[in-house]
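Visitor: I'm new to reading structures, so please pick one spot and take me through it slowly. After that, show me what else is worth a look in the rest of the chain.

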Amino acid sequence: MSNAQTHQNRYKADLREIRFLLFEQFRLDELLGSAPYDGWGRDEVSMVVDEAYKFACEVFGPLNAVGDRVGCRIEAGQVKTPPGFKGAWDKLYEAGWKSVSVSPAYDGQGGPFTLYTVVEEFLCGANAALNMYPGLTYGAAELIEHFGTPRQRDIYLKRMYGGQWSGTMCLTEPQAGSDVGSSRTTAVKQKDGKYLIRGTKIFISGGDQDLTENVVHLVLARAEGAPPGTKGLSLFVVPKLRVDDDGALGEPNDVLVGNIEHKMGINGSSTCVLNFGENDACLGELVGTVEHQGMPQMFRMMNGARISVGLQGVSVASSAYLNALEYAKDRKQGSSILQWKDATAPRVPIVDHPDVRRMLLDMKSRVEGIRALIIKLARHQDAVAVYQGKDDRAAAYNQGQVDLLVPLVKSYSSDQAFRICETAIQTFGGAGYTKDYPVEQYCRDAKVFSIYEGTNHIQAMDLVGRKLGQAGGVNLQAFLNDVAEFVKANDKHPVLAASVKELREAHEAVAGSAMRLLSWFQMGKMPMVPLSANRFLEMMSELAIGWLLLDGAVIALKALEALPPGDAGAKDRAFYEGKKHAALYFAANVLPHAKFSAELLGREDSSALDIPVDAFATV
């Protein structure tokens, strides 16, 4: 690949689709203009959408292939990021794109979380590896804002939200990956109230870099005398360079980079082994004032990170789809199937071939459905902010939906992202397997999304083990009731009735399977729960996405009726037709999978449990 190609922006997004979700389907306008979003209206949101997309294409996008090809390296114990990353970091914070939803108390713009998710989609899609550094910084700062002492907020927040310092989350250890409770990192309290930290953390994204003057690590560790397991963990602020009470930087804090991982993808993101306290000189301070609150505190950051992974998934998948669509419209290969016997027939763009059209519509429906699910979650979170203290019932409903949807967003989006990118490569054919086109990088970058921030099986266990029964099952029931109300309102729709019937059957399958899972807990069939959790999460995600696509199609069909005839409404007509066909395709080709999955759950197949370990292979 030439240098010009390496520095070329290949990121694409459909702004018309974004606006449809924001203003037509999820009606963000209804939450704007009142506290805490009283300074925001539709025009302000639209302007941010336009300018953030332009920034992503002009600043982040051209560095995506650069970061992939060059990667990170260590020089004299310091991580060096790919060329251009430092300049892009500075421009990002100068433009204020990371402060869209930050409180004005910390020099932020106080915008809705829904808008922040859109901006994040652009930045992630344009350069997933680069955006991990500010993304983790935002999450770490938000955690300190929520749980930290006034002194900690004063010292860290403006510097982190403003990009002067970065942040990380440090959980994983060599012997304790998903089993966080096995952490061996220790914290010994000193006379001045600080703690001596000692231990090794691995797979720490953004663990070191040359973008900021300091790195603020949030480190899970066990204080002396703490109980075993996750209940004994505390969370500590451990800066790379020590920080005085006035925010001035001091000497190095005995945080050393042991190594950086060489990965399949996201090569521009430094994934570090960090050694804390090798010289017994690493000082940290407790987040807040109470020990043993590490996991509840970290869960706040982890939930935000899981939503961000869902955004990473849809952003990369969307750009892969749109690049494949562009290629399919341009690439001529073969004649029309209607003229397949005529050797003299003109060559046609591959978008005319039935299987290519199938792949494109499959990608389109999944991308648009996943994005709708993420925007729905974000809109619920904004509603919590609006209704808190004013309408407790509405706030509780919206918070319940946020809690319920997080594992769906993280898992289904990240699983599908890899598969959508794979389909995009297939659409390109052999060209997609080369580095002349971006889809092979998208595919490599996307694979990790289903692994980090809690593997997708952990998300599935969170869903079936915690979220289904949360609040006495009220949150799940509210979700199922929302789908049922849509089915009742549209079961005789002149265009979508057959698709709504598929949705009703998927709804019944999910509701019945949820009861089956709960019965396994009660009947002592515990091994069946983890064996089936991933399947249930997938079918519930398909139900949610099928519902949202059909809801969008109802809106689109009404809008079609109101369009003026002729060229004046041609672009909108094409867009709304696309919404209709995406919903019809998903209902006909994906929603039936939920019914079959329910049948498989009902068979209670235990073959994976019954096979002896030695029987897997005799090598």
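**Starting at Gln293**

Guide: Leaving out residues up to four places away in sequence, Gln293 touches Leu233 and Ser234, where touching, or contact, means heavy atoms within 4.5 Å. Before going on, note that this is a predicted model, with local features needing pLDDT of at least 70 and side-chain atom pairs counting only at pLDDT 80 or more, while totals for chains, interfaces and linings use all residues. Residues are numbered from 1 along each chain as its sequence is written, and side-chain values use heavy atoms, with hydrogens and water left out.

Back to our spot: Gln293 sits in the loop between strand 12 (283-286) and helix 9 (294-330). Helices (H or I, at least four residues) and strands (E, at least two) are DSSP runs, numbered from the N terminus. The cut-offs are under 20% relative accessible area for buried and over 50% for exposed, with partly exposed in between (1.4 Å probe, protein chains only). From Gln293 to Thr230 you count 63 residues along the sequence, yet their C-alpha atoms are 9.3 Å apart in space.

Now compare some other loops. Asp107, in the loop between helix 5 (85-95) and helix 6, counts as exposed because its relative accessibility is 56%. The phi of Asp107 is near 65 degrees, a positive value in a residue other than glycine. Glu453 has a positive phi too, near 60 degrees, and belongs to the loop between helix 12 and helix 13 (456-467). For another backbone detail, go to Pro36, in the loop between helix 2 (15-25) and helix 3 (42-60): a cis peptide bond joins Ala35 and Pro36, with omega about 5 degrees.

Setting aside neighbours within four places in sequence, Thr117 is in contact with Leu311, Ile375 and Ala378.

Helix 6 also has a partner. Two packed helices are described by the angle between their axes and the distance between the axes. Helix 6 (residues 113-126) and helix 7 (residues 128-147) pack at about 145 degrees, with axes 6 Å apart. (Axes are lines fitted to C-alpha atoms, for helices over the stretch in contact, and angles run from 0 to 180 degrees between N-to-C directions.) Helix 6 brings Tyr116, Glu120, Leu123, Cys124 and Ala126 to this contact, and helix 7 brings Ala128, Asn131 and Tyr138.

Next, the inside of the chain. The largest nonpolar core has 196 residues, and Phe122, Leu218, Phe479 and Phe536 have the most contacts inside it. Such a core is a set of buried Ala, Val, Leu, Ile, Met, Phe, Trp, Tyr and Cys residues joined through side-chain atoms within 4.5 Å. Helix 16 (residues 528-562) supplies the largest share of this core, 21 residues. Beyond its neighbours within four places in sequence, Phe479 has contacts that include Leu404, Met540 and Trp547.

Finally, step back. The chain has 19 helices and twelve strands. Its radius of gyration is 25 Å, close to the 25 Å that the globule rule gives for 619 residues, so the chain is as compact as a globular protein of that length. That radius is taken over C-alpha atoms, and the rule is 2.2 Å times the number of residues to the power 0.38. Of the 619 residues, 57% count as buried.
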